[in-house]
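The sequence and structure come first.

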Amino acid sequence: MTSSAAACSDAEKAKWVLNAPRLPGPWRESVEFSGEESQKDTVILHGSPKHFKQSTTTDASSEEKILDLEKNSSSVDRSQWVLNGPEPPGLWHELMDTVRETTSYFGNKYSSLKSQPMLKSVVSIQQEIFPILVWGRSYSISKFKHDLMAGLTIASLCIPQSIGYATLAKLDPQYGLYTSVVPPLIYAIMGTSREIAIGPVAVVSLLLPSMLLKLQDPGADPIAYTKLVLTATFFTGIFQAAFGIFRLGFLVDFLSHAAIVGFVAGAAIIIGLQQLKGLLGIAHFPTSTDVISVMEAVWSSFHHPWNPHNFMLGCSFLCFILISRFVGRKNKKLFWLPAIAPLLSVILSTLIVYLTRADKHGIKIVKHIKEGLNPSSVHLLQLNSPYVGDVAKVGLIIAIVALTEAIAVGKSFSSIKGYRINGNKEMMSMGFMNIVGSLTSCYVATGSFSRTAVNFSAGCETPVSNIVMAITVTISLEFFTRLLYFTPTAILASIILSALPGLININEIYNIWKVDKLDFLACIGAFFGVLFASVEIGLLLAVAISFTKIILISIRPGTETLGQLPGTDMFCDTEQYPMAITVSGIMIVRVKSALLCFANSNFVRERIVRWIAAKKAEGLKGNNTKDTIQVVILDMSNLINIDTSGIATLEDLQRNLLSEGIELAVANPRWQVIHKLKISNFIGKIGGRVFVTVAEAVAATFTGKIATTY
């Protein structure tokens, strides 16, 4: 800005960014500006600070402008670039662009298929729907060896977990095994992730009964409840497939990362408390999932005769599973130990109960598990039920939660391997596998983080590991279900409990607290909502807090005064960069919002007026007329759009400033913004003072160079 401003090295400028003062917290931002402003270094530029003067520029030949546009164009020309740009697309055009973008993928595919022979077109369609036809060409024996080992490893973890999760979902044990057969097979031929392991998961298994209990009590009529679960699974698949087909993956983003972390942590505690029924052998357990009801049931059980053998057996094998997991983490070569520990627990505990006949002495056992392959469940879908609307809502919520978990798991491990998964194909594959699953006695399946981690550690190469797992579970259903008759329910509870610590991410919760306090509020809102109310309340509370955060940021946007960084043409926030130099007689303001609208425009205007009043009072108090604000420059680089209320507020601000003898200029307006300011004649009211950059606006103030644009 001045010749006295010393040039700084790139390293020194980088330190300005890294060593900037700490940001004000949300509480400070919510408090209205007090009118006091910290003193900044001020550089006084001499010239004509009172008014922008109008002048014209010398014409240059078009050939010279083409050869060296930047050298031969003045700030006047660049202002004309802003004012005389093409008209932006209207609302209808933007809506059509959105639809066109959604359908262009299919249109491009259709166009490319039309130009191909019929046989090649059919093959291309099949390869698009079934990625296995693409990567299957390069499949080899060496890859199969890795997939076989990984598939058998995750099957040993999947079998006991599936039985446990089915009981958590208030279903018969075989439904968990069914869910580990058909969905993994469908995903293996349609999915794009190489590592993800498909099957039932804890959170979804908790969600289903917590939301369907209002419609049907599984204890009173288990068959009717099972029908509702299968119907909800069908709707879950429909919604997931629709998200992928119509490219609506953004709907998954309604559950923020912070909300998911809090929700999963709260659900993990609720799941753990639910396992006290099996661990303590409690006969009468509440259907509600809130912590108070569960603890009341546990407390009352101690006042009645109870058998401690269930607790002792369950805790013993829980310790065994946790110790094996610890050993597996310490020694990477023993990765298989924590994977087979649950299956070993089931085998050993079943043998103990069978040989000692402990079921005769109070140990609760699983008893009958129906053998055989997945039966058809088409006739069980309740599409004409009076509850079909409520079940569809349940399906929508579970579809979003299941997709969020699956895509997060898939992205985590694909990034390690250095490839990208296709989000829309993932949604379609998840949707179709749940649709087919609902027709074959499966409930909602998705990507399991624990089993995917084991699959990755076991060295899987392709989704064939899911096929191996499904075949193994099928063999177990066909031949070995009778052997599980004496499996104690306490063991299933201990297996589920062993999987819960990974769902409570204390480090991530702490990071959310450090980074964003409002995100932390959404996190603990979901956590306590799930813990003390219900799963639905926890989700609704998290979404409500997230939307409230967006609304608060919209209606009370931050505003910042800018100063010039020494040795540069950059103008930055004077609070973030204390070394930034403010310009005497000029106030440069930037609104930290993408939209200036009816909700926030008055707040912005009042803050600017307060700043000017504070500066004026400060100048009168110190008898310093040089610092009196004579020009206000609005940096609109952040504004994407503006509505009629925002324009009216700017006009009101312009009148207020003129009454104080202050002029208004605009810098770097976006396409939609400058278009609306032009057609509303606001540009004419401010004398055409529009600039491409803040630096040009400041320079024009003191050199008297500005184009006659209106």
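## Salt bridges in the whole model

A salt bridge here is a side-chain nitrogen of Lys or Arg within 4 Å of a carboxyl oxygen of Asp or Glu. The model is predicted, and a search of the whole structure finds 13 salt bridges.

One of them pairs lysine 549 with aspartate 519, at 3.1 Å from N to O. Lysine 549 belongs to helix α26 (residues 535-555) and aspartate 519 to helix α25 (residues 517-532), so the bridge ties together parts that are 30 residues apart in sequence. Lysine 549 is buried, because its relative accessible area is 17% and the cut-off for buried is under 20%. Aspartate 519, at 23%, counts as partly exposed.

Glutamate 560 forms a salt bridge with arginine 590, and their closest N and O atoms are 2.7 Å apart. The pair ties together parts 30 residues apart in sequence, since glutamate 560 lies in strand β4 (residues 558-564) and arginine 590 in strand β7 (residues 586-592). Both ends are buried: glutamate 560 has 8% relative accessibility, and arginine 590 has a relative accessible area of 15%.

Glutamate 560 also forms a salt bridge with lysine 592, with 3.9 Å between the closest N and O atoms. Lysine 592 is partly exposed, at 39% relative accessibility. Glu560, Arg590, Lys592 and Asp635 are linked in a network of salt bridges.

## Overall make-up

The chain has 710 residues, of which 49% are buried. Its secondary structure comes to 31 helices and 12 strands. Of the contacts between residues at least 6 apart in sequence, 82% join residues at least 24 apart. The accessible surface is about 34,500 Å², and carbon and sulfur atoms account for 63% of that area.

A kink of about 30 degrees lies at cysteine 158 in α9, shortly before proline 160. After α9 comes lysine 170, with a positive phi near 65 degrees.

Glutamine 161 lies in α9 and is buried, at 3% relative accessibility. Leaving aside neighbours within four places in sequence, glutamine 161 is in contact with Ser450, Arg451, Ile495 and Ala499. Glutamate 461 sits in the loop between α21 (449-457) and α22 (464-479), and is partly exposed at 30% relative accessibility. Not counting residues up to four places away in sequence, glutamate 461 touches Lys143, His146, Asp147 and Arg194. Glutamate 461 and leucine 148 are 313 residues apart in sequence, yet their C-alpha atoms are 9.7 Å apart.

A nonpolar surface patch consists of Phe320, Leu344, Ile347, Leu348, Leu351, Tyr354 and Leu355, with about 650 Å² of accessible area together. Helix α18 (residues 336-356) gives the most to this patch, with 6 residues. Residues three or four places apart in an α-helix point the same way, because the helix has 3.6 residues a turn. Leucine 344, in α18, counts as partly exposed at 31% relative accessibility.

Helix α19 (residues 388-417) has 30 residues and should span 44 Å at 1.5 Å a residue; the distance of 42 Å between its end C-alpha atoms agrees. Glycine 418 follows α19 and has a positive phi near 85 degrees.

How values were computed. Residues are numbered from 1 along each chain as its sequence is written. This is a predicted model: local features need pLDDT of at least 70, side-chain atom pairs count only at pLDDT 80 or more; totals for chains, interfaces and linings use all residues. Side-chain values use heavy atoms; hydrogens and water are left out. Helices (H or I, at least four residues) and strands (E, at least two) are DSSP runs, numbered from the N terminus. Buried means under 20% relative accessible area, exposed over 50%, partly exposed in between (1.4 Å probe, protein chains only). Contact means heavy atoms within 4.5 Å. Accessible areas come from the Shrake-Rupley method with a 1.4 Å probe; for residues, only the protein chains shown count as cover. Patches are made of residues with over 30% relative accessible area and no salt bridge: like charges are joined within 9 Å, nonpolar side chains (Val, Leu, Ile, Met, Phe, Trp, Tyr) within 5 Å. The bend at a residue is the angle between axes fitted to the seven residues ending there and the seven starting there. The expected span of a helix is 1.5 Å times one less than its number of residues.
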